Amino acid sequence: MKQPSRLLFLCCLAPCLHAQETYEEDQATTSPIAEVFIPGPIVDGTPPQPPPAPPGKPDFEVVESRTSRMNVVEPPPMHGLPAVTGTVNVTLNRVEDPKLPPLPEPLPATTPTDPAVLAATEEFRRDYKGTELFFISATVYDRSRTYLRIYPNGVARKEITAWSNIDFNHFSGFSTFRVTREDGSFTDHGMLMGLGNQTAESTERLRELLEQNGMEYSVPEVPDLPDLAVAGPRYVIVEGGDVEDPACEILAYMHRLYATDGARMEAAYIERERVRKEREAYYLANPPKPKDVTINFWRTKKEDDQ
């Protein structure tokens, strides 16, 4: 089977199953799992808390000023929108020394034998469990089937390929999930995910592009997976995988996670898309303009100059 043309990345963990059979999300795990869940929030398009306001700007006494005009090109406010272009005023002001307060003193140096440092280090080692990183490339076809390539961090030879009946766009609102065990221990799995989407229209465009360059495009063969709404999260392992491989475990964990938290993941994705489309429409109706630039500079006086 040929691989889909546009694959991207993501990461996770779980026990492997045999190819060309469908499996439920919690089957064949290698250790007793109590729960798989998302320990933090899921991004849903809600704006983050604004940073604290910067300190007030001093009143500059301008000694000399010079202004020039400049054509600028700035990055677009969102992916897919045109660049921000325009002509701005660039003003250089030579000002009197505003006598800003001195910078705070640097923190005192510490040594590895400092009892306070040793105690803090020991507490960190005791409480911090670390995060296991895994990579997944996910290509979603018509928002109903996803082709996956999964491998542990730094172990590409352990890669597995699989098909899932989950729309993996729903996994794009968070970066870590947690697997807890019956003995109370847990492992956090950090996802490094790239994501691509293919529709009938985009597939046809890709086919035409390849044919124009003398290449042939073969549509990936999608296995017969039951619909998500009917059978719940299911997947088929196509290539690679052994019951002890972490890539297989991650695959099972992610499907178990979706079985319990999929509705919240989908709702967050729908809200993110709504907010994105609103922002896109606003910027198209109100194209941003580059702002004028003012640079104030001065010569500080050294003690020898006074």
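The expected span of a helix is 1.5 Å times one less than its number of residues. Helices (H or I, at least four residues) and strands (E, at least two) are DSSP runs, numbered from the N terminus. This is a predicted model, in which local features need pLDDT of at least 70, side-chain atom pairs count only at pLDDT 80 or more, and totals for chains, interfaces and linings use all residues. Residues are numbered from 1 along each chain as its sequence is written, and side-chain values use heavy atoms, with hydrogens and water left out.

**Exercise 1.** Compare the span of helix H4 with that of a straight helix, and locate the kink in H4.

*Solution.* 
Step 1. Helix H4 covers residues 246–285. A straight helix of 40 residues would span 58 Å at 1.5 Å a residue.
Step 2. Between its end C-alpha atoms, H4 spans only 48 Å.
Step 3. H4 has a kink of about 80°, centred on Asp261. The bend at a residue is the angle between axes fitted to the seven residues ending there and the seven starting there.

**Exercise 2.** Find the salt bridge of Lys158 and say which parts of the chain it ties together.

*Solution.* 
Step 1. A salt bridge is a side-chain nitrogen of Lys or Arg within 4 Å of a carboxyl oxygen of Asp or Glu. The whole structure holds nine salt bridges.
Step 2. Lys158 pairs with Asp245, at 3.6 Å from N to O.
Step 3. Lys158 lies in the loop between strand E7 (145–152) and strand E8 (160–164), and Asp245 in the loop between strand E11 (234–239) and H4, so the pair ties together parts that are 87 residues apart in sequence.
Step 4. Buried means under 20% relative accessible area, exposed over 50%, partly exposed in between (1.4 Å probe, protein chains only). Asp245 is buried at 9%, whereas Lys158 is partly exposed at 33%.
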